[in-house]
Every structure is written in structure tokens, then in C-alpha cells.
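Visitor: I would like a close look at a single part of this model. Please keep it brisk.

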Amino acid sequence: MIEKVKGNFLHQAIRVNHAGEYGAICIYSGQKLILKKSSIINEIIEMEEQEKKHFHYFDEKIKEYNVRPTFLMPIWRVLGVSLGVATAVMGKKAAMACTAAVEEVIGEHYKEQVSHLEDGELKDTVSKFRDEELEHRNIAIEHDAENAPCYSALSLFIKTGCKVAIYLSKLI
């Protein structure tokens, strides 16, 4: 029974991380559409490139562990790009507020996973990715995320959406 629980946790962790990194890529893609001539475009591109590396890692783990990806990937694409576009239309600070909120939730999510993973390459990599996600959050804060219009409400809305996406991606 314990092996089945560990296997379920591992499969859920890989599935949700794969979906989350995909969602982050989609958010940054949406932001790039609007902010292509912005002073923060290079930071957005760099963060997106890092998310792509994370996604490719979990894409390999999906295959290695024979994990079914979430069926919600097409929905996460639409919602991710839409969130990226919407926050970018609100301005650079709102785009960075989006990044700060998403990356904070993902950092907490990865921290929780690290506490349950057995020592080894996967745990080390998730820990490294957690640090990189928190670095993205810090970059966003340095670019005035907390001065975005309606920051508290926007942040709460995005964090709640991320937590719902994590929950659903584990299951579906």
C-alpha cells in the first residue's frame, strides 16, 4: 500500500509540474505579445527560457515514469496566454505582479514536494527549480510588481487560480 501511495504522489508531482511549467511558458508568451518593446522584455524572455528548460525536464520524466499528462493542457494554454496578455495590457507592473504571484505559489508547491521526495536526482532538480522560480519572483518584485494597480486583489486572484490549477492537474 505504501508503494502505491508513493507511486501516486510521484506521478501526480510529475504531472502537475509538467502542466505548471507549460502554463508558465504560456503566461510569458502572452506577456511577450504585448510587451515586446517594453523595458522588461529581456527579463520576460530569460524567465520564459528557464521555464522551457523546466518543462523539457518534466516532459522527459513524463516519458521515463510513464505518467499520463493532464488532460487540461489545452485549457491551461488558453488560460495561461490569456492571463499573460491581460496582465501585460494592464502594464509592466501588473505583468510583474502576475509573475510574482505565480512564482510564489510554485515556489511553495515545489518546497512541499521536496519535503516528500526521496533523496536523489528528482529531489535535487525540483529543489533547484524552486530556487529559480523564487528568483523569478524576486525579479518581478524588483520591477515594481507590488506597485501594480490593485496589487493585493490581482495577486490573490492569480494565486487562487494557480492553486486550483495545481489541484485539478493532479487529478485530471
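Is Arg130 buried or exposed?

Guide: Arg130 counts as buried, at 17% relative accessibility. The cut-offs are these: buried is under 20% relative accessible area, exposed is over 50%, and partly exposed lies in between, with a 1.4 Å probe and protein chains only. Note that the model is predicted: local features need pLDDT of at least 70, side-chain atom pairs count only at pLDDT 80 or more, and totals for chains, interfaces and linings use all residues. Residues are numbered from 1 along each chain as its sequence is written, and side-chain values use heavy atoms, with hydrogens and water left out.

Now the partner. Arg130 meets Asp131 in a salt bridge, 3.1 Å from N to O. The term means a side-chain nitrogen of Lys or Arg within 4 Å of a carboxyl oxygen of Asp or Glu. Asp131 is partly exposed, at a relative accessible area of 42%.

Next, Glu132. This residue forms a salt bridge with Lys128, and their closest N and O atoms are 3.3 Å apart. Both lie in helix 5 (residues 121-142). Helices here are DSSP runs of H or I with at least four residues, numbered from the N terminus. Glu132 and Lys128 are four residues apart, about one turn of the helix. An α-helix has 3.6 residues a turn, so residues three or four places apart point the same way. Glu132 is buried, with a relative accessible area of 12%. Lys128 is partly exposed, at 47%.

The closest N and O atoms of Lys159 and Glu104 are 3.1 Å apart. Glu104 counts as partly exposed, at 24% relative accessibility. Elsewhere, Asp59, Glu60 and Lys63 are linked in a network of salt bridges. Side chains of opposite charge can pair when their charged atoms come close.

Back to the starting point.

Key. Helix = DSSP H or I, 4+ residues; strand = E, 2+ residues; numbered from the N terminus.
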